[in-house]
Amino acid sequence: RAIARKNVEAGWALAAARGGTFWLAGLAEDGFAAELDRLVGASGIPVLVVAALLATGAGLTAVLVAAHGSDLGPPAKLFVLAGLMAASYRMTGWVSTRLHTPVWQTDAAILAAALVLLEPVGVVVAITSGVLVGCVLDRRSLAAVVGMVSNSFAMSATATTIVYGLAGDA
């Protein structure tokens, strides 16, 4: 759904002009696989998708566990933040499809709250599990669920590693 809104075609053109690689944050959502396949085929540049995202998330989470242990933080806060993330994904899908309008998720705000309220690994668990539940509740396709969860896994692990690394705690 976001191919036109996020101007994916211009992103590929920029990556091709610079000799770069385009990092696609997920697979095509429902009904847009043909359009994405057309763009990927026409781009002529390397496109990295789910495997790279999963590897990034897993590697950085392993670093966080090694540096900080596997404690997630207070269970009530973890469940509330995961629930907010799920609600964000569910409501965004519902509103955008029914009202035919772009809607922005509250990922950054929920991630910031998780970074303050949870242990490092708890941040990754809350964000990733919330996205998973929200996508399932929104009845997204398996490809969309895998893509969005992989993206959120890599994003939350990267942000958490950076924050704790810059704070001198990693």
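Select V123 and, leaving out neighbours within four places in sequence, show its contacts: L111, A114, L115, L118 and T160. The model is predicted.

Now show α6 on its own, residues 120-137. The helix has 18 residues, and the distance from its first C-alpha to its last is 26 Å, close to the 26 Å expected at 1.5 Å a residue. Which residues of α6 are buried? Select P120, V121, G122, V123, V124, A126, I127, T128, G130, V131, G134 and C135. Then step past the end of the helix to R139, which follows α6 and has a positive phi, near 60°.

Zoom out to the whole chain and colour by secondary structure. There are seven helices and two strands, in the sequence order α-β-α-β-α-α-α-α-α. Of the 170 residues, 40% are buried. With contacts drawn for separations of 6 or more, 77% of them join residues 24 or more positions apart. Finish with the surface: the chain exposes about 8900 Å², of which carbon and sulfur atoms supply 67%.

How values were computed:
Residues are numbered from 1 along each chain as its sequence is written. This is a predicted model: local features need pLDDT of at least 70, side-chain atom pairs count only at pLDDT 80 or more; totals for chains, interfaces and linings use all residues. Side-chain values use heavy atoms; hydrogens and water are left out. Helices (H or I, at least four residues) and strands (E, at least two) are DSSP runs, numbered from the N terminus. The expected span of a helix is 1.5 Å times one less than its number of residues. Buried means under 20% relative accessible area, exposed over 50%, partly exposed in between (1.4 Å probe, protein chains only). Contact means heavy atoms within 4.5 Å. Accessible areas come from the Shrake-Rupley method with a 1.4 Å probe; for residues, only the protein chains shown count as cover.
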